[in-house]
Amino acid sequence: MKIVKLLVLVMLAIFAIGVLELAYEGGHRLILGNASYSSEAIYEVPGTSVEIVLERRAIHLFLAEYERVLVLREGNEELFRKKAADDSGGYCRMNVYQTSATEYFLSGDLSFDRYFLNTAKATFRDAGLEPKPTNAKFVGAFDSDEESEWRFIP
């Protein structure tokens with residue numbers, strides 16, 4: 001009988017922790033309008049310690065809506081952080097094209113979700129409605145894989 005009571009107490013404790021976690025996350029989203037955590041997809045620039053990162057943070061409790069932020073890092077140092085277009089339909093994918101040894105063109109699914117990035121100068125510019133450069137070579141995409149993990153897919 002003691003074992004049954006102990007198992008019931010353990011199950012109640014696990015249930016209580018789960019409820020507290022859901023309440024915290026739900027409250028965070030309700031009050032602040034976004035998730036308390038973000039997911040990172042990282043492209044490591046070959047031959048360097050530079051990383052292009054696309055962070056994704058849920059901004060709706062149950063719909064696939066995300067705030068996205070582009071980050072350029074070198075080693076442990078963050079060189080810049082720039083807000084990309086919000087994703088209001090769950091189409092977070094962003095293609096990465098290389099236009100030179102240090103320049104990249106990033107393009108999302110929305111026509112205004114396009115950016116130029118120079119990793120050597122650590123500069124970032126909104127491309128607006130400019131088309132993809134003709135010399136752009138596809139490198140990969142920030143997207144969810146088959147297991148729904150947010151990552152860079154070469």
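Two strands are taken as paired if DSSP finds at least two bridges between them. In this predicted model, six bridges join strand E3 (residues 66-74) to strand E4, and the two run antiparallel. Within this pairing, Val69 has Lys83 in E4 as its bridge partner. E3 and E4 belong to an open sheet of four strands, ordered E1-E2-E3-E4, with antiparallel pairing. Strand E1 (39-44) and strand E4 (77-83) are the edge strands, each pairing on one side only. From one strand to the next, the twist averages 20°. In general, the strands of a sheet pair through backbone hydrogen bonds, either parallel or antiparallel.

Tyr115 stands opposite Asp126 in E8. E7 and E8 form a hairpin with four residues between them, and Ala122 in the turn has a positive phi of about 55°. Asn118 also lies in strand E7. With a relative accessible area of 7%, Asn118 falls under the 20% limit and is therefore buried. Apart from neighbours within four places in sequence, Asn118 is in contact with Leu72, Thr102, Glu103 and Thr123.

A search of the whole structure finds ten salt bridges. One of them is formed by Glu51 and Arg73, whose closest N and O atoms are 3.1 Å apart. Glu51 lies in strand E2 (residues 50-58) and Arg73 in strand E3, so this pair ties together parts that are 22 residues apart in sequence. Both Glu51 and Arg73 are buried. The side chains of Arg68 and Asp113 likewise meet in a salt bridge, at 2.2 Å from N to O. Because Arg68 lies in strand E3 and Asp113 in the loop between strand E6 (103-108) and E7, the pair ties together parts that are 45 residues apart in sequence. Arg68 and Asp113 are both buried.

A salt bridge is also formed by the side chains of Arg81 and Glu78, with an N to O distance of 3.0 Å. Arg81 is partly exposed, at a relative accessible area of 42%, and Glu78 counts as partly exposed at 39% relative accessibility. Salt bridges that share partners join Glu40, Glu51 and Arg73 into one network.

On the surface, Met1, Val4, Val8, Leu9 and Leu12 form a nonpolar patch, with about 540 Å² of accessible area together. Of these residues, Leu12 lies in helix H1 (residues 2-32).

Note on methods
Residues numbered from 1 in each chain as written. Predicted model: local features only at pLDDT ≥ 70, side-chain atom pairs only at ≥ 80, totals over all residues. Heavy atoms only, no water. Axes fitted to C-alpha atoms, helices over the stretch in contact; angles between N-to-C directions. Buried < 20%, exposed > 50% of the residue type's maximum accessible area, 1.4 Å probe, protein only. Contact = heavy atoms within 4.5 Å. Patch = residues over 30% accessible without salt bridge, like charges linked within 9 Å, V, L, I, M, F, W, Y side chains within 5 Å. Areas by Shrake-Rupley, 256 points an atom, 1.4 Å probe, with all protein chains shown as cover. Salt bridge = Lys/Arg side-chain N within 4 Å of Asp/Glu carboxyl O.
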